[in-house]
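Trainee: I have this one open and would like to go through it with you. Can we start with the terms and then look at the details?

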Amino acid sequence: MSLFIAILGLAFLILVHEAGHFFASLAVGLRPRRFYIGFPPAIAKTMRGGIEYGIGVIPLGGFVTIPGMHRPIPHDAERRFSRAVEDAPELGGPVDRVKRSLEGEDLSIAQDAVDDFENALRSVMVSPAAHVSAEKGISELRDALGSDAYWKAPTWKRLVAIGAGPAANIALTIVLFTFLFMTVAGQATRTVATVAPELQQGIQSPAQSVGLQAGDRIVAIDGTPVKADEIAQTIGDSGGKKLTLTIVRNGKALQLGPVAAELVDDRYRLGFGLGGTGLGFFAATDRAVRVTGLVSKEIVKSLGRLVTGSGRDEVSSPIGITRASSDAVERGADSYLWVLGLISLSLALLNLLPLLPLDGGHILFTLIEGARGRFLRREIYERVSMVGLALVLLLFFVGLSNDIGKLS
């Protein structure tokens with residue numbers, strides 16, 4: 001069940017990302033053609049206002065089709081119409097006219113040429129596969145040549161449509177953090193909320209081993225009184241030496257330990273979580289924004305370390321992310337929402353990397369084209385996309401090797 005909830009959470013984050021693209025594109029007049037929850041084949045779909053809404057059989061996020069992401073080129077017609085020409089050679093002339101018109105600057109001629117090809121297609125017999133490919137090519141070219149094509153839009157509209165995906169994930173992170181700061185994580189108390197059975201697989205947590213219980217109130221460590229915000233720091237600075245906890249349980253003072261904290265994720269821990277009290281809405285929102293900024297800074301630093309080769313161990317694949325989410329589910333709803341917010345933020349920042357085909361790459365190329373006042377050649381997009389895709393795959397395999405190593 002925890003694994004199912006973790007996968008569902010990741011799918012939700014991807015859906016939020018795509019919803020950001022969808023609603024922003026609508027708002028600036030770049031009308032999307034499809035918006036799916038999940039991936040095809042479709043379980044159900046319907047057309048509303050020229051947009052195909054659907055539910056895919058693969059329940060992992062969703063996708064949005066924005067028309068005309070790139071300026072059309074002759075190869076687009078060649079790729080989609082070649083099968084039809086093989087089955088009906090008389091279509092060669094209309095296809096050549098489409099290709100020649102795409103090389104020119106008058107897009108109205110290209111639109112007429114596509115219409116002529118469609119009329120010619122109706123008068124011949126081609127295989128079902130060739131017909132499907134040709135129909136798809138006609139639809140793609142009309143989208144790319146239409147007035148609401150993405151590549152034709154002003155720079156600011158393109159930036160809004162593409163940037164809204166990562167922005168939606170960042171906004172979700174702030175919402176989740178605000179909720180947590182308003183409920184349980186706003187201000188720490190000295191009362192123990194949870195005790196972890198294990199900090200590392202197969203090894204009982206120090207807190208569990210000395211009998212610490214939820215509801216205990218920690219008043220001193222090694223005989224020194226501590227405030228709520230000093231407890232984690234005192235344990236973290238212990239260096240692994242044994243500590244004695246003074247607690248109050250049912251009105252009676254007890255001493256637990258001595259026990260040594262374990263080093264987990266570069267920090268010494270005993271394996272318990274403190275309860276918290278909520279903040280007001282504005283205070284919680286302010287803290288959520290500040291924490292989001294601080295975490296973003298650390299994530300960017302980790303990416304910088306990856307470039308220098310020292311941050312390889314910090315990369316996770318979807319397997320590791322799902323595992324961490326599943327573990328958080330088992331620790332409770334609060335832990336899960338915190339991890340979900342962190343993953344949402346990581347997804348946003350990853351997509352903002354200036355690499356095609358990521359959103360950050362499209363943003364970078366849009367800014368370059370806006371500054372130049374003319375479009376970059378499609379070949380440049382394709383070559384840079386191949387490099388970017390290779391780097392993203394490399395990042396994925398690094399994370400996958402890390403996660404497999406941890407599982408073994």
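Mentor: Buried means under 20% relative accessible area, exposed means over 50%, and partly exposed is in between, using a 1.4 Å probe and protein chains only. By that rule, buried residues make up 41% of the 408 residues in the chain.

Trainee: What kind of model is this, and how are residues numbered?

Mentor: This is a predicted model, where local features need pLDDT of at least 70, side-chain atom pairs count only at pLDDT 80 or more, and totals for chains, interfaces and linings use all residues. Residues are numbered from 1 along each chain as its sequence is written, and side-chain values use heavy atoms, with hydrogens and water left out.

Trainee: How many helices and strands are in the chain?

Mentor: The chain has 13 helices and 12 strands. These are DSSP runs numbered from the N terminus: H or I of at least four residues for helices, E of at least two for strands.

Trainee: What share of the contacts comes from residues 24 or more positions apart?

Mentor: Taking contacts with a separation of 6 or more, 67% are between residues 24 or more positions apart. Contact here means heavy atoms within 4.5 Å.

Trainee: Now the core. Which residues have the most contacts inside the largest one?

Mentor: Phe81, Leu91, Val98, Phe117, Leu121 and Val126 do, in a nonpolar core of 25 residues. Two or more residues each come from α2 (74-87), α3 (92-103), α4 (107-122) and α5 (128-145). The largest share, 7 residues, is from α4. A nonpolar core is a set of buried Ala, Val, Leu, Ile, Met, Phe, Trp, Tyr and Cys residues joined through side-chain atoms within 4.5 Å.

Trainee: What does Leu91 touch?

Mentor: Leaving out residues up to four places away in sequence, Leu91 touches Ala84, Val85, Phe117, Ala120, Leu121, Val124 and Val126. There is also a second, separate core of 16 residues, with Ile218, Val226, Leu245 and Ile247 among them.

Trainee: Switching to α6. What end-to-end distance should it span, and what does the model give?

Mentor: Helix α6 (residues 155-183) has 29 residues, so at 1.5 Å a residue it should span 42 Å, and its end C-alpha atoms are 41 Å apart, which agrees. The expected span is 1.5 Å times one less than the number of residues.

Trainee: Where does α6 bend?

Mentor: At Ala164, by about 40°, and a proline, Pro166, follows within four residues. The bend is the angle between axes fitted to the seven residues ending at a residue and the seven starting there.

Trainee: And what is the C-alpha distance from Ala164 to Phe23?

Mentor: Ala164 and Phe23 are 8.4 Å apart, C-alpha to C-alpha, although 141 residues separate them in sequence. Phe23 is in helix α1 (residues 2-27). With a relative accessibility of 53%, Phe23 counts as exposed. Phe23 also belongs to one aromatic cluster with Phe22, Phe35 and Tyr53.

Trainee: How many aromatic pairs are there in the whole structure?

Mentor: A search finds 10. Rings of Phe, Tyr and Trp (its six-membered ring) pair if their centres lie within 6.5 Å; planes under 30 degrees apart are stacked, over 60 edge-to-face, and the rest tilted. Phe177 and Trp338 are a stacked pair, 4.4 Å centre to centre with 20° between the planes. That pair links distant parts of the chain, with Phe177 in helix α6 and Trp338 in helix α11, 161 residues apart.

Trainee: Phe177 first: buried or exposed?

Mentor: Phe177 is buried, at a relative accessible area of 0%, whereas Trp338 is partly exposed at 32%.

Trainee: Why is the pair of Phe281 and Phe282 edge-to-face?

Mentor: The ring centres of Phe281 and Phe282 are 5.3 Å apart and the planes are at 75°, so the pair is edge-to-face.

Trainee: What about phi of Asn250?

Mentor: Phi of Asn250 is near 55°, a positive value in a residue other than glycine. Asn250 lies in the loop between β8 (242-249) and β9, and at 77% relative accessibility Asn250 counts as exposed.
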